[in-house]
Amino acid sequence: MIEARHVTKDYGSVVAVRDVSFDVAQGEIVGFLGPNGAGKTTTLRMLAGFLGATSGSVKIHGHDIATESLEARAKLGYMPEAAPLYTELRVREYLAFRAALKRVPGRERKAAVERSLEQAAVTDVAETPIGQLSKGYRQRVALADALVSNPPLLILDEPTAGLDPNQIVEVRKLVRELGQSHTILLSTHILPEVEAVCERALVIAGGRLVAEGTIAELQARKRGRETRLTVRGDAEKLAAAVRELAGVKEVRASTLAGAPEIVELVLETLPDADAESTLERAVAALVAAGGGVRQVTPARASLEAVFAELTQAEEPKAGDA
Amino acid sequence: MSGFAAVYRREMLSLWVTPLAWVLLVVFLLLQGTIFYSIVVHFTSLADLAVETGPVEAYFGQESVFLLMTLLLVCPALTMRTFAEERRSGTIETLLTAPVTPAGIVLGKYLAVLTTYCAMWAPTVLYVVVLRKTGSIDWHTVGSSYLGLFGVGAAYLALGTLMSSMSKSQLIALLLAIFAEFGLFVLGVGEYVFEPGLLHDVCAHLSIGSQMEEMSRGIVDLRRIVFDGSIAVTSLFVTSRVVDSWRWG
């Protein structure tokens with residue numbers, strides 16, 4: 001559905017996006033993830049045909065966005081970040097305009113407007129001037145706009161930005177529902193959003209694509225696995241007991257404030273070691289050293305940690321344009 | 001040309017549901033009414049003179065400096081928001097990612113302001129209808145006068161549309177348009193400044209004032225129409241190139 005090949009956007013002194021290549025297949029919901037200023041919006045604008053790429057090519061539904069721009073744009077619904085709308089128009093008037101602009105045939109236009117009003121749950125404000133709507137409603141009107149021509153591909157730039165928690169939940173639910181009939185690429189800097197709605201994520205930092213894969217694959221990319229142990233005993237002695245075990249990469253010990261006899265050990269295993277058996281041996285060693293093991297918590301690599309690792313590694317390179 | 005009809009309808013709707021068009025219409029008609037009234041009063045005081053011209057000719061022609069002054073205010077005000085507002089509010093992003101061509105957008109917007117311009121002039125036909133009660137009216141000169149006004153408006157509005165694409169600020173777009181249109185007007189004044197010769201002829205040819213003066217007497221010179229048309233076409237062409245260039249910004 002989207003084929004991006006070596007896409008670069010050069011603003012003269014700043015390279016906003018460099019050599020980004022990826023595919024989005026039909027029916028996927030893909031998260032486009034990155035910190036603020038990473039090049040998310042610039043990339044999406046190039047995909048939507050609002051900006052031209054300095055080099056590289058983008059194909060939407062088989063049409064090149066540069067050479068067959070109209071055909072490519074007819075296949076996508078794009079929702080820009082700030083949800084810009086004509087505030088003087090009523091919601092229904094606006095959507096009718098957008099439907100006509102997107103070449104929805106005259107006799108189907110009314111039905112298309114009604115359908116998009118319903119899909120985005122804005123039927124109740126159809127006759128309200130857009131200028132009087134709240135941020136949440138405007139965001140949904142922009143979504144209805146993206147949906148009005150029923151395009152196979154939706155490109156949503158931070159669809160939940162500026163919404164309150166309830167609205168965020170609603171929009172995510174809506175995106176998941178739309179994902180059943182549309183291919184969706186949505187950008188965000190909020191990780192739970194990707195975990196909540198996306199099957200796959202692209203991670204961009206400093207204008208480069210630094211990772212790509214399913215959520216599980218990305219989590220697995222975090223090198224080394226950590227286990228947190230709460231043990232009663234002497235911190236130094238306990239740490240020494242496990243530090244030399246095979247498969248252990250690092251041990252960090254700290255005592256709890258107010259309870260100096262309770263030690264928190266963070267055990268990090270080597271990436272190539274069998275984490276489970278290392279853990280078993282570590283617990284046995286702790287018991288042998290006189291420690292009272294109270295709690296063992298395997299720390300699942302959160303997407304946050306993966307994200308931080310992936311994007312921070314790229315950060316220094318961001319300035320060397 | 002794709003998207004032209006939708007852009008045109010949206011532009012008309014936006015113009016007429018906001019106060020801008022109505023405020024301009026009221027101010028415009030007040031000014032025109034005052035000018036026309038004073039011209040008529042002036043002519044009634046010349047009762048016994050066998051003058052060649054009547055109030056209609058005076059209104060559109062000899063006294064057209066007033067008329068052109070109001071155009072210098074009304075036309076830039078009509079066009080200032082066309083592109084500047086789209087870029088300021090960000091709606092240009094949704095517009096340019098729809099399957100529309102720059103030419104379609106530019107023409108849709110331009111024809112909407114041109115239609116509005118014509119709608120503003122429409123009530124002034126009543127002046128002539130009222131005058132008919134007092135004497136005979138040469139409808140040919142009325143027709144050619146309105147043709148002249150249409151030509152001037154077409155050129156001014158195209159220039160204003162171009163200026164609106166130059167800035168994200170409506171105020172700057174307004175000022176740029178006033179400068180450009182006033183510049184065109186001042187060029188025509190050169191006709192009275194320079195000695196007969198090349199400069200004089202060039203200025204006379206470019207003069208919007210002389211154009212209205214001729215047309216108010218029923219003289220339709222094709223060169224005048226071509227001049228207005230070429231300003232309009234050139235401005236609109238450049239505007240569509242400017243719109244296209246935003247992709248590379």
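In chain A, four strands form an open sheet in the order 2-1-4-5, and the pairing is antiparallel. Helices (H or I, at least four residues) and strands (E, at least two) are DSSP runs numbered from the N terminus, and two strands pair if DSSP finds at least two bridges between them. Strand 2 (15-24) and strand 5 (63-64) of chain A stand at the edges with a single partner strand each, so one side of each is left without a neighbour in the sheet.

This is a predicted model, in which local features need pLDDT of at least 70, side-chain atom pairs count only at pLDDT 80 or more, and totals for chains, interfaces and linings use all residues. Residues are numbered from 1 along each chain as its sequence is written, while chains are lettered from A and ligands numbered from 1 in the order in which they are written.

Strand 1 (residues 2-10) of chain A pairs with strand 4 (residues 55-60) of chain A in the antiparallel sense, over five bridges. Within this pair, A:Thr8 stands opposite A:Ser55 in strand 4 of chain A, and A:Arg5 has A:Ser57 of strand 4 of chain A as its bridge partner. Strand 1 of chain A also pairs with strand 2 of chain A, antiparallel and over six bridges. Here the bridge partner of A:Asp10 is A:Val15 in strand 2 of chain A. Four residues lie between the strands in the hairpin of strand 1 and strand 2 of chain A, where A:Gly12 takes a positive phi near 85°.

Helix 1 (residues 40-48) of chain A lies across strand 1, strand 2 and strand 4 of chain A and runs at about 120° to strand 1 of chain A. Axes are lines fitted to C-alpha atoms, for helices over the stretch in contact, and angles run from 0 to 180 degrees between N-to-C directions. Two residues are in contact if their C-beta atoms, placed from the backbone, lie within 7 Å.

**Further hairpins of chain A**

Strand 9 (residues 200-205) and strand 10 (residues 208-214) of chain A run antiparallel and are joined by six bridges. A:Val203 has A:Ala211 in strand 10 of chain A as its bridge partner. Strand 12 (residues 248-256) and strand 13 (residues 259-269) of chain A pair in the antiparallel sense over eight bridges, and the partner of A:Thr255 in strand 13 of chain A is A:Val263.

| Hairpin (chain A) | Residues between strands | Glycine and phi |
|---|---|---|
| Strand 1 and strand 2 | four residues | A:Gly12, near 85° |
| Strand 9 and strand 10 | two residues | A:Gly206, about 55° |
| Strand 12 and strand 13 | two residues | A:Gly258, near 85° |

**Helix packing in chain B**

Helix 9 (residues 139-164) and helix 10 (residues 170-193) of chain B pack at an angle of about 140°, with their axes 8 Å apart. Helix 9 and helix 10 of chain B are therefore oblique to each other; angles under 35 degrees count as roughly parallel, over 145 as roughly antiparallel, 65 to 115 as roughly perpendicular and the rest as oblique. Helix 9 of chain B passes helix 10 of chain B in a right-handed crossing (left-handed if the near helix is turned anticlockwise from the far one by less than a right angle, right-handed if clockwise). Among the residues making the contact are B:Tyr156, B:Leu159 and B:Gly160 of helix 9 of chain B and B:Ala173, B:Leu176 and B:Ala177 of helix 10 of chain B. The residues of this contact divide into seven nonpolar, two polar and one charged. Ala, Val, Leu, Ile, Met, Phe, Trp, Tyr, Cys and Pro count as nonpolar, Asp, Glu, Lys and Arg as charged, and the others, Gly among them, as polar.

The axes of helix 7 (residues 102-121) and helix 13 (residues 222-245) of chain B come within 9 Å and cross at roughly 130°. This crossing of helix 7 and helix 13 of chain B is right-handed. Residues that meet include B:Ile105, B:Val106 and B:Tyr110 in helix 7 of chain B, and B:Leu236 and B:Val243 in helix 13 of chain B. The contact of helix 7 with helix 13 of chain B comprises eight nonpolar, two polar and one charged residue.

**Contact between the chains**

The contact takes 22 residues from chain B and 23 residues from chain A. Helix 1 (4-17) and helix 6 (91-96) of chain B each supply at least two residues of the side of chain B that touches chain A. The largest share of that side, seven residues, comes from helix 1 of chain B.

**Confidence in chain A**

In chain A, confidence is lowest in helix 11 (residues 303-314), at a mean of 68, and highest in helix 3 (residues 91-101), at 95. Over residues 315-321 of chain A the pLDDT is below 50. Where pLDDT is low, the predicted coordinates should not be read in detail.

Notes. pLDDT = per-residue confidence, 0-100.
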